[in-house]
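Please study the sequence and the structure before reading the solutions.

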Amino acid sequence: MHGEYKIPGGKLVVVDLDVEDGALRRVRVAGDFFLEPDEAIEAIDGALEGAPADTDAAGLAARIDQALPPGTQMYGLTTEGVGVAVRRALAHATDWTDYDWQLIHEAPQSPALHMALDEVITAEVAAGRRPPTLRVWEWASPAVVIGSFQSLRNEVDPEAAERHGIEVVRRISGGGAMFIEPGNTITYSLSVPDALVQGLSFTDSYAYLDDWVLGALGDMGVKAWYQPLNDIATDAGKIAGAAQKRMVAGEGAVLHHVTMAYDIDADKMTEVLRIGREKLSDKGTKSAKKRVDPLRRQTGLPREAVIERMIASFRSRYGLAEGRVTDEEMALARELAGTKFTTPEWIARVP
């Protein structure tokens, strides 16, 4: 069995192993990490040899921690990362480069249609009718997007939303509210086969699926990191939030979507989002600008250039062919937008 895991912010860990009588055998750990002293790699292999095959990643890491020589130094490597690589080998997980990725970056769409497209495209990936897809959104109008389980009245001031011409929609993933203005927001979705995140915990899957964009930001001079559970942050503040939805139909697929703040009208945001006022108060922060630090200031680049560089970074890592929403997918999405995502029953399903 073979498993690979790119440690977020670190290096690649590769594990080859067999399983006999429910235990790990002939374990060999490798990768482009740095490790001192040399004999530490033998200690890692030895710690995993004979471990029960149902040991979770944390348990495997604990075995390694106990076996490492005193003074061991790891660079780009963690014992938890080795444990995850083992779990991915046991789960027969796939890697990014195992797929022919497709890009969708089309004309602006309404907020409700974007919600529907996420559901339709991910369902098509789960069914095997579409390759893994990176979809970069363009927004036709401002919106507040609330999480699947959020209370509408607790999150949004309806009078302020109406005053500013902001549509309120609910997405299929959990997490918090997103304040969207077309020129100030960068949003993308990854619709990926479930096999890509096999062996990863829910938390680890966020970091794993966000890692490529951290590299893209780094290339633009922005030092960013994953901040559990679902944020991308810098020294200056949060710049993005992610959310996920697992789909079990067909072979299974994961929707992972991220909204990044390119710029922000903080005053308008705090007028429209009720919870924003409480978060700012709870953290003792006087201004939303101190919690969310937009990419415009950090990169000095136009929004379009940031998106182009993100796409180019993904393509250089994993390959990325130009694609589009098919006529059949668009028809399904438009129907779903009308029958689900624009209905009061869905938008206010948690009143």
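Helices (H or I, at least four residues) and strands (E, at least two) are DSSP runs, numbered from the N terminus. The model is predicted: local features need pLDDT of at least 70, side-chain atom pairs count only at pLDDT 80 or more, and totals for chains, interfaces and linings use all residues. Residues are numbered from 1 along each chain as its sequence is written, and side-chain values use heavy atoms, with hydrogens and water left out.

**Exercise 1.** Determine where D95 lies and whether D95 is buried or exposed.

Solution. Step one: D95 is located in the loop between helix 3 (79-90) and strand 6 (102-104). Step two: D95 counts as buried because its relative accessibility is 17%; buried means under 20% relative accessible area, exposed over 50%, partly exposed in between (1.4 Å probe, protein chains only).

**Exercise 2.** Identify the residues in contact with D95, leaving aside its neighbours within four places in sequence.

Solution. Contact means heavy atoms within 4.5 Å. With those neighbours left aside, D95 is in contact with E4, L196 and Y208.

**Exercise 3.** Describe which residues make the contact of helix 1 with helix 2.

Solution. Step one: the crossing of helix 1 and helix 2 is right-handed (the near helix is turned clockwise from the far one by less than a right angle). Step two: helix 1 contributes A43, I44, A47 and L48, and helix 2 contributes L60, R63, I64 and A67.
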